[in-house]
Amino acid sequence: MRMMPSVDELAGQSLIGALQLLRIEEASFAELFAAICGPTPPSLQIFGLLSAEAVQRALEPKPRDQKRKWALLWRAARRRQGLPDQDLFWVPPVAEPATRRFFAYKVPKSRRS
């Protein structure tokens, strides 16, 4: 089984080189890019500027292994531009409802002034 390239390896590649490393067809990239951006020519720079939510919505129907490849490509495009690294599929933990209740200290009547 072939290992996935790292984000750093992909960031040093051109669009075509990154697609070849990930074994993604150029037509597939153009199709996904057009679904998000409309009739704009495909660009790795623009792909990296897209929001995580937009890319996640476009990747919803794809199988899990394909999502991983696209997420790596998006992260590499962001790294190439010096943008902060972000994992597309990381979900922040849901905050649990507070189970402790805070009560005000009740001063006994004998100590009240």
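The protein chain in this predicted model has six helices and zero strands. Walk along the sequence and you get the pattern α-α-α-α-α-α.

Here are some totals for the protein chain.

| Property of the protein chain | Value |
|---|---|
| Share of its 113 residues that count as buried | 27% |
| Share joining residues at least 24 apart, among contacts between residues at least 6 apart in sequence | 54% |
| Share of the accessible surface (about 8500 Å²) that belongs to carbon and sulfur atoms | 54% |

Now let's pick out helix 3, which runs over residues 26-37.

Which residues of helix 3 are buried? They are Phe-29, Leu-32 and Phe-33. If you look down the axis of helix 3, these buried residues fall within an arc of 100 degrees, so they line one face of the helix. "Buried" here means under 20% relative accessible area, while "exposed" means over 50%. On the face turned away from that buried side, helix 3 carries the exposed residues Ala-27, Glu-31 and Ala-35.

What covers the buried residues of helix 3? The cover includes helix 2 (15-22) and helix 4 (44-49), along with helix 5 (52-59) and helix 6 (64-80).

Terms used
Residues are numbered from 1 along each chain as its sequence is written. This is a predicted model: local features need pLDDT of at least 70, side-chain atom pairs count only at pLDDT 80 or more; totals for chains, interfaces and linings use all residues. Side-chain values use heavy atoms; hydrogens and water are left out. Helices (H or I, at least four residues) and strands (E, at least two) are DSSP runs, numbered from the N terminus. The expected span of a helix is 1.5 Å times one less than its number of residues. Buried means under 20% relative accessible area, exposed over 50%, partly exposed in between (1.4 Å probe, protein chains only). The arc is that of the directions from the helix axis to the C-beta atoms. Contact means heavy atoms within 4.5 Å. Accessible areas come from the Shrake-Rupley method with a 1.4 Å probe; for residues, only the protein chains shown count as cover.
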